[in-house]
Number of protein chains: 2
Amino acid sequence: MAEQIRIAIAGHGNLGRGLEAAIAKNPDMSLVGIYSRRPPEQIKPQDAATPVYEIAALKDHTDAIDVLILCGGSKEDLPQQGPEYAALYNTVDSFDTHARIPDYFATVDEPAKANNRTALISAGWDPGMFSINRVIGEALLPDGATYTFWGDGLSQGHSDAVRRVPGVAGAVQYTRPVKEAVDQVRSGARPTLTTREKHKRECFVVLEEGADANKVREAIVTMPHYFDEYDTTVNFITAEELARDHHAMVHGGFVIRSGNTSPANTQVIEYALRLGSNPEFTSSVLVAYARAVYRLNKMGQYGAVTVFDVAPGLLSPKSAAELRAELL
Amino acid sequence: MAEQIRIAIAGHGNLGRGLEAAIAKNPDMSLVGIYSRRPPEQIKPQDAATPVYEIAALKDHTDAIDVLILCGGSKEDLPQQGPEYAALYNTVDSFDTHARIPDYFATVDEPAKANNRTALISAGWDPGMFSINRVIGEALLPDGATYTFWGDGLSQGHSDAVRRVPGVAGAVQYTRPVKEAVDQVRSGARPTLTTREKHKRECFVVLEEGADANKVREAIVTMPHYFDEYDTTVNFITAEELARDHHAMVHGGFVIRSGNTSPANTQVIEYALRLGSNPEFTSSVLVAYARAVYRLNKMGQYGAVTVFDVAPGLLSPKSAAELRAELL
């Protein structure tokens, strides 16, 4: 057994619970602490032996943790936690507001560099594994086009938006790729597709007592940015059906790059994910990147990095020689 | 425009011609020479301005070439050329005898390190892109199983084997994944599959005048190692049909990793290639890795390396900041 990598978690929502499960699947890692803004007695770790601390304790534990995984949200938590903890720890996070990544990178890079820490931002599957496949696809087939489809999957942000509509007691929203668009892209045809042509949206809604179904439907399908550019179906169900049939956090999607290497020859590359649990898969990605961050830091690569900066071999617990012999 | 990377090609078969096409698609690269064992006047480059040299001239051109791409075969050419040219140039090759990779790596590593060169071995799609997906899949889902399927595709080695059967005037062989096996694997079921259950083989054969079709069929389907472990179909066609319908060097396949992140949740990752031209796609991969090798050498990473050692961002002509802003 190689040295153990000591991992800690900041935050204990869906992602934090997924991380507990993911770390347990990796024998070269130990979960040395869960840090939360909630009082420690309210946190129930999956392994009762896992220490739980108030998040303020992180200022004193720098010698006990090799990599700190930040589970906060991209809107409120990470813009503050990312730079703060990158000054103290090697970190991994799943910052996923695509448009703000350059700014966030800069705010994390500075404290990490100043303190010889390595901070990997925006890991997960998108941004993350999908991003890697967008970059490699474009590099291999420069004369081509890239398409990202999401779904079938439960979108947390869109489900929240439906729940805010007056008259809605509960709801989930699924994003689904449009089959005709996917088939065209898979053929190598490189179509130009509108937002509406790529994805459709399907809502399952529980009405409040006395709410008007038609009004609720209209408020959903016309909602700017979230639904107005899509074909949206609204299904009304009971609270029992919602609880019974729609609790799984399934998600996935695919990145397709098609291109021509010569006028006669079309090539198609497809990377697809079918996820039984979105947060558990995201957690598994964060844990593999925690291993890479630990190694990059030992190699002296300080500052902020992304999945684009990590060689595949660094993600594996196996040595370079083992990987060449077994998996090349 | 960034600096131009000066690429040369050793060998001018299918792969060498694919490289010419691939380099032409990458504005940051120039093809500065084609080197061949054949007399230069027998080589017809796609761009008539491309210089052609006898391969012996490589001993004198070390200042004029940034990366030399070796197009020789894994059996005869590369075991000799790999170490020889890694002492003189940064190199990329597609050595694909999986079982001999560790030995080959060692013989290339030593001269490359001794002369501050970077030599990337075994690039292409398998070994290559498929290998990367085997490593990442295993790292993300340690509690899982990996399956590699090849095809539908034309196998050069198996076609050659059929052509050696007495009575065969011409032939091609297609490798096809067995649909039932693929469906099981995609479901996340992690089946144990025999060789016969994973792939089937289909041959299209032109008989020599007077040859006995039944004897030829029997000789093919019982051929040890190549066909005896598979369900093989032999179709007899005319020379005209062979030339008309079976000249495309189509290939492809997929790597599927399925695993559980918790007892309730199965995750499936699939990487798939559908290639209109196997040699042209392989060439495109080699060219992207030539860019990475050029950069690794400038960064001081000397010796033999593989696709496992190359961060995705190094494959792209775009800067790290551009990649973060556009593709993360």
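Chain B can be laid on chain A by a turn of 180° and a shift of 0.0 Å along the axis, with an RMSD of 0.1 Å. That is the relation of a two-fold axis. The superposition is by least squares on the C-alpha atoms of residues with pLDDT of at least 70 in both copies. The same surface serves both copies: 100% of the contact residues of chain B recur in chain A. Contact here means heavy atoms within 4.5 Å.

A word on the basis. This is a predicted model, where local features need pLDDT of at least 70 and side-chain atom pairs count only at pLDDT 80 or more, while totals for chains, interfaces and linings use all residues. Residues are numbered from 1 along each chain as its sequence is written, chains are lettered from A and ligands numbered from 1 in the order in which they are written, and side-chain values use heavy atoms, with hydrogens and water left out.

Which residue of chain B comes closest to the rotation axis? Ala311(B) does, with its C-alpha at 1.9 Å.

Now the charged pairs. Side chains of opposite charge can pair when their charged atoms come close. A salt bridge is a side-chain nitrogen of Lys or Arg within 4 Å of a carboxyl oxygen of Asp or Glu.

Take Arg274(B) and Glu270(A). They form a salt bridge, with the closest N and O atoms 3.1 Å apart. This pair crosses between chains, from strand β13 (residues 265–275) of chain B to strand β13 (residues 265–275) of chain A. Strands are DSSP runs of E, at least two residues; helices are runs of H or I, at least four; both are numbered from the N terminus.

Buried or partly exposed? Glu270(A) is buried, at 6% relative accessible area. Arg274(B) is partly exposed, at 33%. The cut-offs: buried is under 20%, exposed over 50%, partly exposed in between, with a 1.4 Å probe and protein chains only.

Next, Glu270(B) and Arg274(A). Their side chains meet in a salt bridge, 3.1 Å from N to O. Glu270(B) lies in strand β13 of chain B and Arg274(A) in strand β13 of chain A, so this pair joins two chains. Glu270(B) is buried at 6%, and Arg274(A) is partly exposed at 33%.

Last, Asp143(B) and Arg190(B). Their salt bridge has its closest N and O atoms 3.1 Å apart. The pair links distant parts of the chain, 47 residues apart. Lys25(A) joins Asp143(B) and Arg190(B) in a network of salt bridges.
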